[in-house]
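This report looks at the ligands of one structure and at the space that holds them. The sequence and the model come first.

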Amino acid sequence: MPVSSSVDGQRTGADDDAGSRPEGPALPINELFTSLQGEGTLAGVPSTFVRTSGCNLRCWFCDSYHTSWEPTGAWYGVDEILDEIDARGPNHVVFTGGEPLIHDASTTLLRELDDRGYHVTVETNGTILPEDDDGPVPVDLASVSPKLASSTPGPERPPSGGGDGGDGAENVDAETWAERHEARRLDLDALATLVDRYETQLKFVVTGPDDLPEIESLVADVREAATAEVRDTDVLLMPEGQTREELESTRRVVADLALEHGYRYTPRLHVDLWNDAPNT
Ligand SMILES: C[S@@+](CC[C@H](N)C(=O)[O-])C[C@H]1O[C@@H](n2cnc3c(N)ncnc32)[C@H](O)[C@@H]1O
Ligand SMILES: Nc1nc2[nH]cc(C(=O)O)c2c(=O)[nH]1
Ligand code: SF4
Ligand SMILES: [Mg+2]
């Protein structure tokens with residue numbers, strides 16, 4: 001089984017409560033664990049996962065909604081997070097969330113990880129760039145998952161966990177969040193910049209064949225806007241599903257779509273192995 005740690009939400013208050021937030025660069029951490037990378041081109045590689053709380057989007061299917069609009073966990077100093085990563089074996093680190101790049105201290109952590117020689121994958125929705133006043137930060141693999149129209153929540157597709165949109169920072173109703181999600185979910189300039197700066201995989205969550213026209217049109221737009229090449233095998237189709245049972249009904253359909261369009265298929269290895277258990 002994957003190994004979780006003391007940085008797994010035992011402290012209280014994933015908010016700005018000065019009493020629980022350490023001085024200096026810090027991140028609200030939902031979970032920190034060691035597992036096999038379950039998704040994408042590095043699937044199967046032992047990796048330390050750092051999952052932050054909070055997100056700028058509200059995908060109805062989010063498998064990590066507890067980090068995004070029901071934030072749990074606590075603030076940890078970047079130094080504490082680095083100590084925990086150093087104490088584990090893997091050279092591969094996966095920085096995820098929530099949306100990890102909404103936090104100012106994400107760039108501090110990423111620069112430190114680069115200095116220490118880790119291979120770092122950033123799992124991001126592609127709406128925010130990993131950069132600060134000192135410029136772009138080093139990332140070994142940008143694992144970008146642009147969100148399609150089929151991710152937008154609505155009355156018939158309420159967000160997982162029934163979240164009403166409260167994200168710890170401000171409380172707005174579900175309808176407002178649906179509008180915000182729709183307005184924010186795609187930023188072509190940010191996607192093109194990620195492709196130009198980093199080794200990038202575009203990892204789409206596919207709910208069914210109706211998603212393919214939007215994927216094809218978005219990939220064409222990114223190719224047009226970016227200078228770097230986007231190969232068909234850099235485009236990954238990932239079946240939507242938080243549980244083995246859900247994946248059972250989507251993965252064959254999505255695998256066939258990948259074959260048909262020449263894109264790459266990615267499994268959700270961790271779901272196959274450990275279903276929807278936390279810290280996996
Ligand atoms: C929880 S997100 C965190 C990183 C970032 N916010 C993002 O969306 O890319 C991690 C990965 O899980 C994917 N994901 C979330 N819910 C999913 C689901 N129900 N089925 C398949 N993939 C899902 C996301 O698209 C993303 O690739
Ligand atoms: N094993 C495992 N692999 C993953 N790859 C990306 C994940 C994520 O939630 O970002 C993830 C995850 O939650 N678990
Ligand atoms: S972008 Fe979507 S999938 Fe990623 S954490 Fe936010 S709500 Fe979840
Ligand atoms: Mg996950």
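By class, 17 nonpolar, 19 polar and twelve charged residues make up the lining of the largest pocket. The model described here is a predicted one. In total, 48 residues line the largest pocket, and Glu-39, Arg-51, Asp-63, Ser-64 and Arg-268 are those nearest its centre. The space in the largest pocket comes to about 970 Å³. Two or more lining residues come from each of β2 (26-36), β3 (46-52), α1 (65-68), β5 (92-96), β6, β10, β11 and α8 (269-274). Of these contributors, α1 gives the most to the lining, with three residues.

The elements giving two or more residues to the shell around ligand 1 are β6 (119-124), β10 (200-206) and β11 (235-239). That shell has 22 residues, and Phe-61, Gly-98, Ser-145, Lys-147 and Gly-241 are the closest. Sorted by class, the shell around ligand 1 holds five nonpolar, nine polar and eight charged residues.

Ligand 2 also has its place here: the space it takes is the largest pocket. Around ligand 2 stand Ser-35, Leu-36, Gln-37, Gly-38, Glu-39, Phe-49, Arg-51, Thr-96, Glu-123, His-270 and Thr-280. Both β2 and β3 supply at least two residues of this shell. Its classes are two nonpolar, six polar and three charged residues. Glu-39 and Arg-51, named above among the lining residues nearest the centre of the pocket, are also in the shell around ligand 2.

| Ligand atom | Protein atom | Distance |
|---|---|---|
| Ligand 1, nitrogen | Phe-61, polar backbone atom | 2.8 Å |
| Ligand 1, nitrogen | Asp-63, polar backbone atom | 3.1 Å |
| Ligand 1, oxygen | Lys-147, polar side-chain atom | 2.8 Å |
| Ligand 2, nitrogen | Gly-38, backbone N or O atom | 2.9 Å |
| Ligand 2, oxygen | Arg-51, side-chain N or O atom | 2.7 Å |
| Ligand 2, oxygen | Thr-96, polar side-chain atom | 2.6 Å |

How much of each ligand does the protein bury? Taken alone, ligand 1 exposes 540 Å², and the protein buries 95% of that. For ligand 2, the area exposed when taken alone is 320 Å², of which the protein buries 93%.

Technical notes:
Residues numbered from 1 in each chain as written. Chains lettered and ligands numbered in written order. Predicted model: local features only at pLDDT ≥ 70, side-chain atom pairs only at ≥ 80, totals over all residues. Heavy atoms only, no water. Near = heavy atom within 4 Å. Polar contact = N/O pair within 3.5 Å; in protein donor to acceptor, adjacent residues only side chain to side chain. Areas by Shrake-Rupley, 256 points an atom, 1.4 Å probe, with all protein chains shown as cover. Helix = DSSP H or I, 4+ residues; strand = E, 2+ residues; numbered from the N terminus. Nonpolar A, V, L, I, M, F, W, Y, C, P; charged D, E, K, R; others polar. 1 Å grid on protein atoms, 1.4 Å probe; cavity = no way out; pocket = protein on both sides within 12 Å on 5 of 7 lines; lining within 4 Å. Points joined across faces, edges and corners; volume = space filled by probe spheres on them. Sits in = over half its atoms within 2 Å of the grid points.
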